[in-house]
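Please look over the sequence and the structure before reading on.

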Amino acid sequence: MARRSTASLFARAYERNLKALTKITLGNSKRVAGQVQRAAAKRLKPPPGKGDWLGGMALGPGGARGYHLFRPAGLQLQPGEKLPLMVMLHGCGQTGRDFAASTRMNALAVRQRFLVLYLEQDRLAHPQGCWNWYERRSGKADAEAATLMAAIDQASMLYPVDRERIALAGLSAGASMAALLATRYPARFRAVAMHSGVAPGAAKSSATALGAMRGQHTPPMPTTAVGKAMGAAAVFATLPPMLVIHGEADAVVAPSNAVNSAAVWATAVGAKPGLARTLQRGKRHAMRLTDFRRKGRTLVMLCEIAGLGHAWSGGAAATLFSDPAGPDATRMVWAFAAAQFKRAAKIKAGLPASA
């Protein structure tokens, strides 16, 4: 009898512990599930901006990549009217929604009547959400670039995009991928903006990318060598104009990359640097601007910002990789692109294009 009583006590104790463990496990599972649901809901929630946040997916040589297109609310298009498109490439550790919230490009799109396409890196393609701009030796970078072009083409087909007015802008890894896209498909873009990116041609693998980020690799300067380094698919005179923005206090991507990016692009398009000028608006960080011109036209603009780290200049407060104290990079990017759109329209109409 004593043995049975002892066995019963152990059985009841085991049953109680099992119930308690089950209750804790279920509670933890519900809590984890709730956290996952909230994170997913936050990612799917549209960023600030009066308009539609339209999702899509495109297939290409690099696999599948998602995207979101922002369409301003209340658009009343004339029959056959097409709108400019700004393509945005986020940085590492960001999503398209994060980038939209930081840059506030959507708010500007509402005022200026253009569409914004946010390309999304797949975490299976890169765990930190970085674009594989540096994997040139393996071919992964070119495959990813082709996939992103498939996404741009798809969005241009589904929405009222003016294919003659498409510009690129990116931050960090997104900036480097934007430069790669512009060199691989130069005729497709009217302008490209690199914010805190690595100089084109400075890396060809993950190992060399780390060194390039530190400013250890300087891309070659002669035009023929630049061609091989950047892998351009056409004559370099056809490269779109480039805006380079970089913080002088950037501890992630060395500021020397900005100078090298401008020099490489300027060499490729035959532009010469002018005198640098310093501007400061109110209490915002001061910036030093250098124009690289050819035949009176600015083909490269270098903007070096004092006191800015690895962050979107003038971005929204309380968002990652964003510094509200810097000059408004969003306005600078759009103004630079809009100037190229205007010039191209004048040439198409047979009018004299200003510098």
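Which residues of the largest nonpolar core touch the most other members? They are Leu 89, Leu 117, Leu 119, Leu 168, Met 177 and Leu 181, in a core of 57 residues. The element that gives the most to this core is helix H5 (residues 173-184), which supplies 8 residues. Another core lies apart from it; this one has 33 residues, including Met 88, Ala 109, Trp 312 and Val 333. In soluble globular proteins, nonpolar side chains tend to be buried together.

Beyond its neighbours within four places in sequence, Leu 119 is in contact with Gly 66, Tyr 67, Val 87, Met 88, Leu 89, His 90, Trp 131, Leu 148, Ala 151 and Ile 152. Among these contacts is Leu 89, itself one of the residues that touch the most other members of the largest core.

The model is predicted, and the overall values for the chain are as follows.

| Property of the protein chain | Value |
|---|---|
| Helices and strands | 9 helices and 13 strands |
| Residues that count as buried | 47% of 355 residues |
| Contacts with a separation of 6 or more that join residues 24 or more positions apart | 66% |
| Mean pLDDT | 88, with 87% of residues at 70 or more |

Helix H2 (residues 96-103) is largely enclosed by the rest of the structure, because 7 of its 8 residues are buried. The buried residues in H2 are Gly 96, Arg 97, Phe 99, Ala 100, Ala 101, Ser 102 and Thr 103. Just after H2 comes Arg 104, with a positive phi of about 60 degrees.

Is Gln 76 buried or exposed? Its relative accessibility is 70%, so Gln 76 counts as exposed. This residue sits in the loop between strand S2 (63-72) and strand S3 (83-89). Gln 76 is in contact with Glu 81 and Arg 113, leaving aside neighbours within four places in sequence.

One stretch calls for caution. Over residues 222-226, pLDDT stays under 50. The model has 10 contacts beyond four places in sequence for residues 222-226. Where pLDDT is low, the predicted coordinates should not be read in detail.

How values were computed. Residues numbered from 1 in each chain as written. Predicted model: local features only at pLDDT ≥ 70, side-chain atom pairs only at ≥ 80, totals over all residues. Heavy atoms only, no water. Helix = DSSP H or I, 4+ residues; strand = E, 2+ residues; numbered from the N terminus. Buried < 20%, exposed > 50% of the residue type's maximum accessible area, 1.4 Å probe, protein only. Contact = heavy atoms within 4.5 Å. Core = buried A, V, L, I, M, F, W, Y, C linked by side-chain atoms within 4.5 Å. pLDDT = per-residue confidence, 0-100.
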